[in-house]
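Please look at the sequence and the structure first.

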Amino acid sequence: MKRAESRQRNNTALIEAALAEMAAHGYRAARLEDIAARAGLTTGAVYSRFGGKRQLLLATVEHLARLLRDRLAELTEQDLTLHEALRGYALVTYRLALDENAAHWYAFEVDAAGLAAHDEELADAIATQASEITALLTRLLTGRVIAPGRTPVRRTTPAQAARLTPAVRALTIGLAQQAIRAPDAVAERYAADATAALAHLLDP
């Protein structure tokens, strides 16, 4: 168990170091020596765990997506109304945007997106992660009470949740990017209120 835990810690350290180096210098200019040194490991550790810089790049893309998936998974298990689910998702993305590492994450994502324009495997990896987050968000918004206190009780259908998901994703990504660039420009309550207002897209 200790060996597995140590291996996981080293993997995480390398991924976080790669994020910082690639965010600061771009993927092409980032050096494995600097990534390993930042993680307190050797260059050989990068090759033994990831096989090289390209595989480390792909692992980093997955790592960033997992940060959101893990927090979103916690929400899906709660008994929330539609408005509460929308607000909850908005708060998760907003608070991630205020993380001390958020600027690194954003710079890395921008660089990776540029690389993906000429790299089919990377583009597929990014698309897969985005698809998984979209599916999890749709699940979060499915079966939620639309108007508490009214009878008969109306809950969101899978089709309604799928209709809401693109708008929710677009709005929260935009708000998160704004919060990263100018933390005081977007208030937490505004982000939650604006996202919850998208529930009106389901009105007849």
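Proline 152 sits in the loop between α7 and α8. The peptide bond joining threonine 151 and proline 152 is cis, with omega at about -5 degrees. In general, most peptide bonds are trans. Helices in this report are DSSP runs of H or I with at least four residues, strands are runs of E with at least two, and both are numbered from the N terminus.

This is a predicted model, in which local features need a pLDDT of at least 70 and side-chain atom pairs count only at pLDDT 80 or more, while totals for chains, interfaces and linings use all residues. Residues are numbered from 1 along each chain as its sequence is written, and side-chain values use heavy atoms, with hydrogens and water left out.

**The chain as a whole**

The protein chain has nine helices and zero strands. Read from the N terminus, the order of its elements is α-α-α-α-α-α-α-α-α. Its C-alpha atoms fill a box of roughly 65 × 40 × 30 Å, taken along the principal axes. Of the 204 residues in the protein chain, 43% are buried; buried means under 20% relative accessible area, exposed over 50%, and partly exposed in between, with a 1.4 Å probe and protein chains only. Among contacts with a separation of 6 or more, 70% are between residues 24 or more positions apart, where contact means heavy atoms within 4.5 Å.

The predictor's confidence in each residue is given as pLDDT, from 0 to 100. The protein chain averages a pLDDT of 92, and 99% of the residues score at least 70.

**Helix packing**

Axes are lines fitted to C-alpha atoms, for helices over the stretch in contact, and angles run from 0 to 180 degrees between N-to-C directions.

| Helix pair | Angle between axes | Axis distance |
|---|---|---|
| α5 and α8 | roughly 30 degrees | within 9 Å |
| α5 and α9 | about 140 degrees | 8 Å |
| α1 and α3 | about 110 degrees | 11 Å |

Angles under 35 degrees count as roughly parallel, over 145 as roughly antiparallel, 65 to 115 as roughly perpendicular and the rest as oblique. A crossing is right-handed if the near helix is turned clockwise from the far one by less than a right angle, and left-handed if anticlockwise. For residue classes, Ala, Val, Leu, Ile, Met, Phe, Trp, Tyr, Cys and Pro count as nonpolar, Asp, Glu, Lys and Arg as charged, and the others, Gly among them, as polar.

The axes of helix α5 (residues 82–97) and helix α8 (residues 158–181) cross at roughly 30 degrees, so α5 is roughly parallel to α8. Their crossing is right-handed. The α5 side of the contact includes Leu82, Leu86 and Tyr89, and the α8 side includes Leu164, Val168 and Arg169. By class, this contact of α5 with α8 has eleven nonpolar residues, two polar and one charged.

Helix α5 also packs with α9, at an angle of about 140 degrees, which makes α5 oblique to α9. This crossing, too, is right-handed. Among the residues that make the contact are His83, Leu86 and Arg87 of α5 and Glu188, Ala191 and Ala192 of α9. They divide into seven nonpolar, two polar and four charged.

For α1 and helix α3 (residues 43–50), the angle is about 110 degrees, and the two are therefore roughly perpendicular to each other. In α1, Arg7, Asn10, Asn11, Leu14 and Ile15 meet Ala45, Val46, Ser48, Arg49 and Phe50 of α3. This contact has five nonpolar, three polar and two charged residues.

**Single residues**

Glutamate 21 belongs to helix α1 (residues 2–25). Its relative accessibility is 6%, so glutamate 21 counts as buried. Leaving out residues up to four places away in sequence, glutamate 21 touches Gly26, Ala30, Asp34, Ile35 and Arg38.

Serine 6 is also found in helix α1. At 27% relative accessibility, serine 6 counts as partly exposed. The C-alpha atoms of serine 6 and alanine 123 are 31 Å apart, and 117 residues separate the two along the chain.

Glutamine 129 lies in helix α7 (residues 120–141). With 11% relative accessibility, glutamine 129 counts as buried. Beyond its neighbours within four places in sequence, glutamine 129 is in contact with Val61, Glu62, Ala65 and Arg69.
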